[in-house]
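Q: I would like to learn how to read charged pairs and surface patches in a model. Can you take me through them?

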Amino acid sequence: MSKFTLLLLALACLAGTGWAQVSGYVFSYAAGTYTEITGGTVLATATVGGTGTNSLDEGFYTATPISFPFHFNGLPYSECAVSCNGYIEFGGVTAMGYTPVSNTYVADGNVSALGRDLQGNVDEGNLGEVRYQTLGEAPNRIFVVQWKNFRRYAGTSEDYNFQIRLHETTDAIDFVYGEMLVNYTSTSHPQVGLRGITNADFVNRAVTTDWAASTAGTTNTAMATLSTTVYPASGTTYSYSVTVTGLPNAAALVYPAVGGWTFLDGVLRWLQTGGYPSSFDVYFGTEASPPYVTNTGAQNYTPTLAPNTVYNWRIDARNIFGVTAGTVWSFKTPTTTQLAESFESTAFPPLGWLNPNGWSRSTTNPYHLTAVASKSASTTPATLSTPKVTITGTSTLDFYYKAGSSNGYGRLQVVYSPDRVTWNPIGPLITMPTVTTVWNYQSIDLSSIPGNYFLGFQVFTTTSTATIAIDHVFGPEITAEAPGPATLVAPANSAVDVNPLVAFSWSVPTTGGVATGYRLYCDTNPDPATLLTTTANLNYTLAEPLLYNTVYYWKVVAYNGVGDSSPNAVWSFTTWADPTVTVFPWSESFDGTTFAPIGWNNFKTAGTTLPGIWDRVTAGSSPTCTTHSGAAMARYNAFSIQSGGRAELVSPPLAVPEGEYYKVKFWMYRDSGYATKTGEGVNVYISSTASTAGGTLLGTIHRYYGFSPVEATANQWYPYTFVFTGASTNLYLIFEGVSEYGNNIFIDDVLVRTVEAPAAPALTYPADLATGVSADGFNFTWTPNLAAGDPPLYYVLFIASSEETIYEEQFYDNIPGTSFNPVTEPAEPFQFDFDTTYYWTVQAVNSGGNAVTEPPSRFTIQSNPFSGAPVAVIANNAVGEVVLNWDAVTNANSYRIYGTTEPYNPTSWTLVAITAVPGYTYTGTEPYKFFKITADTHNPPE
């Protein structure tokens, strides 16, 4: 075992036990007073009747500011995380669940006053609340976190009130308990105490029958009984304090290893080892005795590093008793042209590396920063190879490796090759350890193979499978030579029916030096000379289309600072014929095996999921469904595409004549899954370009059936239709899929055709030749004929006194429904005459034209209901009063006078007066415009 491995194992052991400090805190008990805080900041309040987060269940509030530097376990903190489960946490962003003292999650430590599964009360007037406030004046301030009106999860008739108090200067910690109403007899009780960096460093309390007589916990799982009979009295105070008695212990090295490598953005890291240091003095430079550069309360320092340099550094631990000097450590940086890789880039494999056997980038437990190279190995060797390097008599390959499986089956062999075809071993065969948490250092002596070679990490297993990871790779100088030729990928050689918006792709050279860029050439010459782009990527998609039905030739020239690749393969392809749609109706059902269909475009516009575009399926899952018709349908895989993903499925050009109306109809599956995904669905655009940019949104169909357009039944296909207008240029129909990481989206059977004029509606009321129709007004009604033509957008009602003038006398436009009363039309009320015959008809209208019901229908208005009654003469006198006079009616005992402003509304007439004589002067204040008089021969005047 190398010395570096020994060092890492030693650090792991010390971090787990030898550096424990929390266990040095001293506990004390007091029967004090509980004082509720009412100021400060409310982190959260439960809602009446709330559940889940509305009851503060699992609430966890990171970055809660502490008003002063508080030292916990010897290190200063300016913020903490507050958990609704009864504790606060330092240096962590992951909650410790219900067992904060014994939990194994990574954090700098936590302070648990009542650690268990809690939630706030949700009763009106007694709502759970989490609040913090700073009390007092510097340097004796107290930071208070308060849990008010809490209870066990799902508990009833309970009310817990307690605080954690952090003291400035002394760094003491108090747990203070208020009124505690407990209704609990189970054995699952809270954890009360402190935990350090690991759960092996703890100090806690065990309570059996009396919180005033607790004992020190002997295990990190010790509990404090909380029941109907055992609970802390109000004012119960548990305190933890620490007394610094001498110099701090020396700091321990974490990274980089002594004499080891680091990258030019490397961060120096160390750990305190006891004695409660309050800060650290950092000494750093190229001198043997490095100079002082800064003091910090953190356990890391980011220097400015130069390439190909050896640095020295030292960390001195400091507290109130003085300073403990550390050891001088050294490390080195690579040159700018040296092999140095930590797999941080999301592009994998890294530039110049080759990965033909399925290695991948992983972010699980990296040695350095955020990522590693990982492979689930089998008995078949899998090689991840470096760029070609120049090996000398002093060259080594330094790296770290780790077993991801504890079965010990994994094997790692470093290999070398002049051509990446024939591989030979160099160095020992490494047997993977069964410990999966430790990174192991390895340095391979390459001096026996001077020359220019590719190096490889070849992994396999003796049986079954095992995961192996490598990280922090440093090796010789990368060979300065021109790259070999790139391998062309797409479009395939001699391919036909290629989209004129060609998506070119190629792979990295497998020979020669590392390519730093590529030049793509394409034209109609057998040796193309037209440069399309210069790029460092391995793909390029044209922004402007090539000519239809034309043979093109293309090649890629890889290059670096030394020169260009040669010779370079030349491939050809033929673009598809002009796909412009000129004959309608036109349809697409996605039944053909080519997807997107010839003439269509399919590309991702947002999101990180690859490929993140539409695809073709013959059966649906998530949700389960069959095609609407035929063999297949189009799918946008929102079930797998991360939220925020978007992709556009674009039709061929549509030659729709300018000014004419066309419609698109398609079918979409609407399901009941993931009802919270309010933005997931399909946006339908029409555009003059093959992109939604600048296009017109025709409409949005949400995937969830309960969102617009709302459907009555879930999990079935529905048709949707949108109308658009032709243009002087070709148009593109675009289906934009939008993912919120919910269910898959399916569309099928797209149809584009002209909009047909509607069929004439059937007139239903008044019926033809109807008599006695009310003059007071009524609803004309009709029924659309949906069996022929396209549905109407609106209707026009025509009314006339003769058939010949039916379209000339009176009409009402833009009627949205199939019922209309012209008498009550505010803008232009119609007045029917008694004993009069009228003609009427209705015209159905849409963008394709119109259809009118012919011949018109006719009806006759009722006779005058006031025939034989008094006929009044109306005049105004000199003072503006209304004077009514009429002839006497034989045998009439009295006359009733009625007034209104709406004569054709039978319910609007109001009795004004009753008189025994034929005449009346109206002096009221109501602005009546119409009057009527009835003669009464039965009743005497009132």
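The dialogue below goes through salt bridges, then a surface patch.

Q: What kind of model is this, and how are residues numbered?
A: This is a predicted model: local features need pLDDT of at least 70, side-chain atom pairs count only at pLDDT 80 or more, and totals for chains, interfaces and linings use all residues. Residues are numbered from 1 along each chain as its sequence is written, and side-chain values use heavy atoms, with hydrogens and water left out.

Q: What counts as a salt bridge, and how many are there?
A: Side chains of opposite charge can pair when their charged atoms come close. The rule asks for a side-chain nitrogen of Lys or Arg within 4 Å of a carboxyl oxygen of Asp or Glu. The count here is 16 salt bridges.

Q: Which parts does the K388 and E481 pair tie together?
A: The two side chains, K388 and E481, form a salt bridge at 2.8 Å, N to O. K388 sits in strand β30 (residues 382–391) and E481 in the loop between β37 (466–478) and β38 (487–490), so the pair joins parts 93 residues apart in sequence. Strands (E, at least two residues) are DSSP runs, numbered from the N terminus.

Q: Where do R646 and E736 lie?
A: R646 and E736 form a salt bridge, with the closest N and O atoms 3.2 Å apart. R646 is in strand β50 (residues 646–650) and E736 in strand β55 (residues 732–738), 90 residues apart. R646 is partly exposed at 31% relative accessibility, while E736 is buried at 5%.

Q: Which residues are linked in a network of salt bridges?
A: The network links K663, R753, E756 and D790. Within it, D790 and K663 meet at 2.6 Å, N to O. D790 lies in the loop between β59 (780–783) and β60 (794–800), and K663 in strand β51 (residues 661–670), 127 residues apart. D790 is buried at 4% relative accessibility, and K663 is buried at 10%.

Q: Which residues make the nonpolar surface patch?
A: Patch residues have over 30% relative accessible area and no salt bridge; nonpolar side chains (Val, Leu, Ile, Met, Phe, Trp, Tyr) are joined within 5 Å, like charges within 9 Å. Accessible areas come from the Shrake-Rupley method with a 1.4 Å probe; for residues, only the protein chains shown count as cover. L247, I320 and F321 make a patch of about 350 Å². I320 is in the loop between β24 (310–319) and β25 (322–324), and is exposed at 72% relative accessibility.

Methods:
Helices (H or I, at least four residues) and strands (E, at least two) are DSSP runs, numbered from the N terminus. Buried means under 20% relative accessible area, exposed over 50%, partly exposed in between (1.4 Å probe, protein chains only).
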